[in-house]
Every structure is written in structure tokens, then in C-alpha cells.
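Please take a look at this structure. The report below goes through a few of its features, one topic at a time.

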2 protein chains.
Amino acid sequence: MIFTTKAEYGVRLLIELGRQEGTGPVALKSIAEAEDLPLAYLERIVALLKKQGLVEATRGAHGGYRLARPASEITMDEAILALEGTIAPMDCFFDDAEGRVMCSHLTDKGEGCGTKLLWTRVQGAVHGALQRTTLAELVSFGVPAAPALIDIAPAREPAVATAP
Amino acid sequence: MIFTTKAEYGVRLLIELGRQEGTGPVALKSIAEAEDLPLAYLERIVALLKKQGLVEATRGAHGGYRLARPASEITMDEAILALEGTIAPMDCFFDDAEGRVMCSHLTDKGEGCGTKLLWTRVQGAVHGALQRTTLAELVSFGVPAAPALIDIAPAREPAVATAP
DNA sequence: GGTTATCCAACCGATCGGGTAGGATATCTC
DNA sequence: GAGATATCCTACCCGATCGGTTGGATAACC
């Protein structure tokens, strides 16, 4: 598994906030109930998003959380980074927050490890997929449709189940 | 971290076997020493590759392992699958070994989880990156160059650092 | 002042990653 | 046949992390 439930719950939370954009702050409790997630755990997760500046909080009665920016300006790249920390395919990787990457044991014996090429490609692919997906997209995706079989397509046609 | 050391060691092992393609079987011990990896652990890792049919073994003195197919016909897709098991971004995912994917709790309340779109894209990206990389590529990559800063580019130009 | 909410720290069980230990089996060489 | 050399195979171990829970402090509204 690539991501933990932190990412899953955190993104679900963001989607819920995005869905209620414009209305006042949304209490965690209501989200926890709506999505059937443990409240106490959600508290710790939303703290990660807040630290990263993706959501803002209002304390006290009638308080809650709201998106710090419009959903269309929040990329999953940022969200996952906040939730999971750096997304490196291997622990020897520092990511440059860009396509570029560094490997700690690169000069093991003068020769760079051949695996580096592989991990770099994978990381680039993941990074790209996350960067190309905005919260707004996910929010608008939360409609019935007839799923069970879905398609990737980041910028293609809606594409209803392509199953034969 | 996406992958564990199983993938790292396993791929390193495959690269080493690929490098010595044509010669007789290579003993694990020599690989363990060359790559500085724990032999006992490598044994368990190579067993995964053998079960998947990627390598073949010869037992007894002067025995060892060799690739079951030419390096150019082994994709990292298969290798990682053998080493890490299915590569799903989330535990609710069955992968179809294709772009298509199923989510176990898809009809939570009639609406598919919005996160599904995201995880599907990520999985597709990883899958694609792995599928596009062959062992032969990695083998031929194991040369000096002047790394520390490398680029993704599966089929683009060399592209030196594009930083402003 | 009570209720509602965000904050914050400590704790906890279970799983898993990353090994090790020890031996059984097969094959080559002498 | 006796070693030596390898692959095989099972069982154990330990530390870290995941996925929470408990309990409370603080802040804002009524």
C-alpha cells in the first residue's frame, strides 16, 4: 500500500470541506459522522492540514474548519505532502519538491545505483498524478455515476465504464 | 515510502544477474558481497522472484541463479509485483493488472468515494512507470555519469536542471 | 457559566519491515 | 563416498509505525 489512512481520511475531509465551500466553518464532528470516521483521529489529521496552511480553524461554539483557499487552487500534491510527509519511493530519496531527486548513497562505489532510475521515474509519475489533480475535481466527482469500474484519464473525456 | 527494501534489494539482484547474463549461474553469496546485502535475507527475496518465474536456480556446488528471460523482456512491473505483491495505493483497492481498478467500499451510500479518482490516477501512474522500464534499461544505466541530480525522462531529451 | 468546539499530549495494541538462526536437501569435485 | 558448496525452508526476533483512544486544556459563543 502506498498511502495510509491518514491520506484517505484527510482527503475525504478536504472533499467534505470543499463541498460546503461558502457556508460557515464546518465542525469536525459533523464530518466524522457523515464519513463515519473516528473524531479523535480526525482531529490529529486535520492538524496536519492546518499546519500546512490548507485549512483554517475557528475555535469555540459554532466553530470548525474551512478551506484556506478555493478548492480549485488546492492540488493533491500539497495535500498528500501535508498528510503523509514526503513521498519518496525509497528511504534513500530526498525529494526536491520538483521532478529532481537526490539519492543519499549515490556514490556507493563511484557508480550510481541502477535502481535510482527506476525509483526516480516512479516518484515522478506519482508526483505528476498528484499535481495534476485538484481538490475541486475530486469534489465534483462525488456524484453517483455507475462505478465499480472506473478509468484513469486525468484530462480526457468523462469516460463511462469502458468494460467490454 | 512507497517500496520496501525487498524491492530495492530484489531489483539490485536482478540488475546484477542481468549484468552477468550469458555466464553460468551466479551464486547469491557473490551478489551479497558485491552489493553488501545480508545473504540470508537475499535468499528469501530471490525466492519471490523464482516463484514468479523471473529467475531460475541451479542447486549444489557451482550453482546459483540466472535470469529466466533476457533482461530486455523483463519489465519492472513484473519484478515489483513479485517482490512487493500487488501495488495498490489504498487497501480498498483490487488491481486488475490493467488500468482498471476496483474499490471495495464503493457503494458506501450510493455515492462512490471521491478519493477513488485520485488513488486510481496514482496507481495508473505508478503502474505505467514500472511497465515502461525494463531490466535491460537499468542494467545499462549502471555507469558513472555525473549524478547527484538526475532526471525522470523515460523517452525525452537529457534535460539538464531546468531551475530558474 | 455552560455548551460547543478546537487544541494538545500521552498512551497502547497489533501489524509489519527487516533481519537472524539453524537446519534440510541437492549437486559438484576429489 | 566424503566434503564442500549452494539452494531451500521454517521459525523466531525486535523495533518502528499505523491506527487509534483517553483525558484534559483552551477558546468562543449563548
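A residue is near a molecule or strand if its C-beta atom, placed from the backbone, lies within 6 Å of it. Around DNA strand D there are 22 residues, and A:Thr4, A:Pro38, A:Ala40, A:Gly60 and B:Ala57 come nearest. Elements giving two or more residues to this surface include helix H1 (5-19) of chain A and strand S2 (64-67) of chain B; helices (H or I, at least four residues) and strands (E, at least two) are DSSP runs, numbered from the N terminus.

DNA strand C is also surrounded by 22 residues, the closest being A:Leu28, A:Ala57, B:Thr4, B:Pro38 and B:Gly60.

## About the model

This is a predicted model: local features need pLDDT of at least 70, side-chain atom pairs count only at pLDDT 80 or more, and totals for chains, interfaces and linings use all residues. Residues are numbered from 1 along each chain as its sequence is written, while chains are lettered from A and ligands numbered from 1 in the order in which they are written.

## A hairpin in chain A

Strands S1 (residues 55-58) and S2 (residues 64-67) of chain A run antiparallel and are joined by four bridges (two strands pair if DSSP finds at least two bridges between them). A:Val55 sits opposite A:Leu67 of S2(A). Five residues lie between the strands of this hairpin, where A:Gly60 has a positive phi near 80 degrees.

## A helix in chain B

Is H1(B) largely enclosed or open, and why? Because 12 of its 15 residues are buried, H1(B) is largely enclosed by the rest of the structure. Among the buried residues are B:Tyr9, B:Arg12 and B:Leu14.

Key
A residue is buried if 20 or more other C-beta atoms lie within 10 Å of its own, exposed if 12 or fewer, and partly exposed in between; C-beta atoms are placed from the backbone.
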